[in-house]
Amino acid sequence: MKEIRKNARGILSVILIAFAVLSGYFFYAIYAYGTRWFTTPYNTRLSKAKSSVIAGDILDRNGTVLATTDSEGTRTYPISSDARKALSHVIGDTKANVPTGAETFLSADLLGFSSGIFDRASQFFAEKRRGSDVQLTIDADLQTYIADIFPDEDNGAVAVINYKTGEVLSLYSKPEYDVKYPDDYSEKEAEQGVLINRATQGRYAPGSVFKIITLACALENIPNVQERTFDCEGVYAVTEEMDLKDTDGEGHGELTLKEAFTKSCNIAFGQLALELGEDKLRATAERLGFNGNFLFSDLIVYESLFPKSIGDEGELAWTGVGQGKLTAVPLHFCMIAGAIGNDGMMVEPQLVMTVTDNAGGVKNKLNTKNYQQCFSAEINSVLQEYMIATVEEGTGKKAQVEGYTVAGKTGTAQVNSSGGAYDPHAWFVGYIDSDDCPYAICVVVENGGSGGSVAGKLAGKILKKATEIVK
Ligand SMILES: [Zn+2]
């Protein structure tokens, strides 16, 4: 009997602990996922509100009105059709075709659920309440410029952030759609995922931009690795079946670690991955947000993925150079580059600057939050030095901006397909080393060919424009 009572007590305390843990999680989830739950189609309060409240305006960081509601209650977009299309994935449409767009994801503010007591009182007798205006951190002109210079025939994504404050300046995704005619896209565009914001949710093979992570892991785990030299003949047999190859295959000859990075040598970085092993490589990647779960208040960002298991040495070597089963999300890589610019500290991306209710009450929503210290000061300064050298004298030369020091890494990611006929994705990630213009960028041009020439060139132009127009 005594035994049973003891067991019962044991079971009861287990249940109580489980209950405490669950309630804790419940409140945490409400806090962290509040906006996410609020904007799901299951929230009937929101659907009702849409018919009884006039949604507030959506503005960019300079006060340009991107979306407003006319006297007949129709949502209108007082910007050029080019700007409207360039910004569609950010604005989002009233049918919630792109549920991550501001129109849906920030509807709690736009429909006035977060407005102040004076606003609510002043609108008490109004036939239709009016929601709050939401000013985004986005620079509409910068994003329209990106759309304008992006290669006509290619799809892809661009993310630009202020790496000190976390303000998201541009989130461009192509193929574009049109918020004004949200159902008006072709079958081909539907197949290409036109309604996905590729900057925040596109998962791409990263190619050589991943060498930043292999480099960081090597600096953390291999003593004196900076003094090593590597011998590259362009091809290296990892196993009997699997060769590691450089893109051009000619061979870089003898290289220091720094040269291997600036010239983007696959042989050196594949060998480093083999020496490090998958656990160490995964640990560094996961510390930077791979396989994680980003919970940001203003926007949904998918995490990049490092494989849960790596089959063999051949796959491990290719993973170290950004191939294999790795996938990466453009905004996430922009945050990684930004962290390196920001002395190793990754800040949370923020999309909302202010929310102004109908009574004129302004809530400043910009609140820089540190997300993660990614690298020690010592290792971060080596990453900075190597990335600056990549743009000064290596594969990233086309990303140079006159009058500024740019740091970066190019990537040319092979795209596996049964036909094998696709051109690789072109990547550039980097940042401007400047207190006045602390901007980080990630450019992905799908099937764009060489990262250095296509994506690096785009990044250089976009960063230059940002230094000129972003206030
Ligand atoms: Zn090489």
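Reader: Why is the arrangement of the four donor atoms around the zinc ion tetrahedral?
Author: The angles that the four donor atoms subtend at the zinc ion run from 93 to 127 degrees, which makes the arrangement tetrahedral (four donors with all angles between 85 and 135 degrees). This is a predicted model, in which local features need pLDDT of at least 70 and side-chain atom pairs count only at pLDDT 80 or more, while totals for chains, interfaces and linings use all residues. Residues are numbered from 1 along each chain as its sequence is written, and side-chain values use heavy atoms, with hydrogens and water left out.

Reader: Which residues coordinate the zinc ion, and at what distances?
Author: Cys232 and Cys265 each coordinate the zinc ion through SG, Asp246 through OD and His252 through ND1, at 2.0 to 2.3 Å; donors here are N, O and S atoms within 2.8 Å of the metal (3.2 Å for Na, K and Ca).

Reader: And how are the donor residues spaced in sequence?
Author: The spacing of the donor residues is C-x13-D-x5-H-x12-C.

Reader: Switching to accessibility: is Cys232 buried or exposed?
Author: Cys232 counts as buried because its relative accessibility is 3%, buried meaning under 20% relative accessible area with a 1.4 Å probe and protein chains only.

Reader: What about the relative accessible area of Cys265?
Author: Cys265 has a relative accessible area of 0%, so Cys265 is buried.

How values were computed: Four donors count as tetrahedral if all angles lie between 85 and 135 degrees; four count as square planar and six as octahedral if opposite donors are over 155 degrees apart and all others between 65 and 115; anything else is irregular. Buried means under 20% relative accessible area, exposed over 50%, partly exposed in between (1.4 Å probe, protein chains only).
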